[in-house]
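This report describes one protein chain for a reader who is new to structures. Please look through the sequence and the model before reading on.

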Amino acid sequence: AAFPIVPLYANEKDISDVTAGSILGATSLSYLLASPVLGILLVKWPCRLLILVGLGLITLGNGMFAISTTPLLFITARTITGVGNSSAEIAAMTLVSRRYPQHIGKIMSWFEVAQD
């Protein structure tokens, strides 16, 4: 969702390439940083709870992105979305792997294919 909007916004508001790249990279960076923390939380918290939290954060981040007017708000929105993506995906993968431990390789392959 961010890719067609950010370059247009950057040109319109005369935002530097670095700032535009930061907006786009915020999702991946926050996903990377949140993943180990969420992995630890999955030991104590139910997978379904973290999936719901993740979906809520994705919704919040995308809604915030839609109404953002400054680069800082865009970066914040993408960061929230990245944490939500991390939470939902890691929890879903954990849920699936726990449900089908005898076929984990096959199931995880299908899980990855289904995401694309």
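Ser 86 is a residue of helix α4; helices (H or I, at least four residues) and strands (E, at least two) are DSSP runs, numbered from the N terminus. Is Ser 86 buried or exposed? Ser 86 counts as buried because its relative accessibility is 0%. Buried means under 20% relative accessible area, exposed over 50%, and partly exposed in between, with a 1.4 Å probe and protein chains only. Leaving aside neighbours within four places in sequence, Ser 86 is in contact (heavy atoms within 4.5 Å) with Tyr 31, Ala 34, Ser 35, Leu 38 and Ala 91. The C-alpha atoms of Ser 86 and Leu 55 are 9.9 Å apart, while 31 residues separate the two along the chain.

Ser 87 also lies in helix α4. Ser 87 counts as buried because its relative accessibility is 3%. Not counting residues up to four places away in sequence, Ser 87 touches Leu 38, Leu 50 and Gly 54.

## The model and its confidence

The model is predicted: local features need pLDDT of at least 70 and side-chain atom pairs count only at pLDDT 80 or more, whereas totals for chains, interfaces and linings use all residues. Residues are numbered from 1 along each chain as its sequence is written, and side-chain values use heavy atoms, with hydrogens and water left out.

The mean pLDDT (the predictor's confidence in each residue, from 0 to 100) is 89 for the protein, and 96% of the residues reach 70 or more. Which elements have the lowest and the highest mean pLDDT? Helix α1 (residues 2–13) has the lowest, 72, and helix α3 (residues 47–67) the highest, 96.

## Overall layout

The protein has five helices and zero strands. Its C-alpha trace spans about 55 × 25 × 20 Å along the principal axes. Of the 116 residues, 34% count as buried. Among contacts between residues at least 6 apart in sequence, 62% join residues at least 24 apart.

## How the helices pack

The axes of α2 and α4 come within 7 Å and cross at roughly 35°. Axes are lines fitted to C-alpha atoms, for helices over the stretch in contact, and angles run from 0 to 180 degrees between N-to-C directions. By class, this contact has 12 nonpolar, 11 polar and three charged residues. Ala, Val, Leu, Ile, Met, Phe, Trp, Tyr, Cys and Pro count as nonpolar, Asp, Glu, Lys and Arg as charged, and the others, Gly among them, as polar.

Helix α4 (residues 71–99) and helix α5 (residues 104–115) pack at an angle of about 145°, with axes 10 Å apart. Residues making the contact include Met 93 and Val 96 of α4 and Ile 107 and Phe 111 of α5. This contact of α4 with α5 has seven nonpolar, two polar and two charged residues.

## Nonpolar cores

In soluble globular proteins, nonpolar side chains tend to be buried together. A nonpolar core is a set of buried Ala, Val, Leu, Ile, Met, Phe, Trp, Tyr and Cys residues joined through side-chain atoms within 4.5 Å. The largest one here has 12 residues, among them Leu 38, Leu 50, Ile 51, Val 96 and Phe 111. Helices α2 (17–44), α3, α4 and α5 each supply at least two residues of this core, and its largest share, four residues, comes from α4.

Ile 51 touches Ala 88, Ala 91, Ala 92 and Leu 95, not counting residues up to four places away in sequence. A second, separate core of nine residues includes Tyr 9, Ile 15, Ile 23 and Phe 65.
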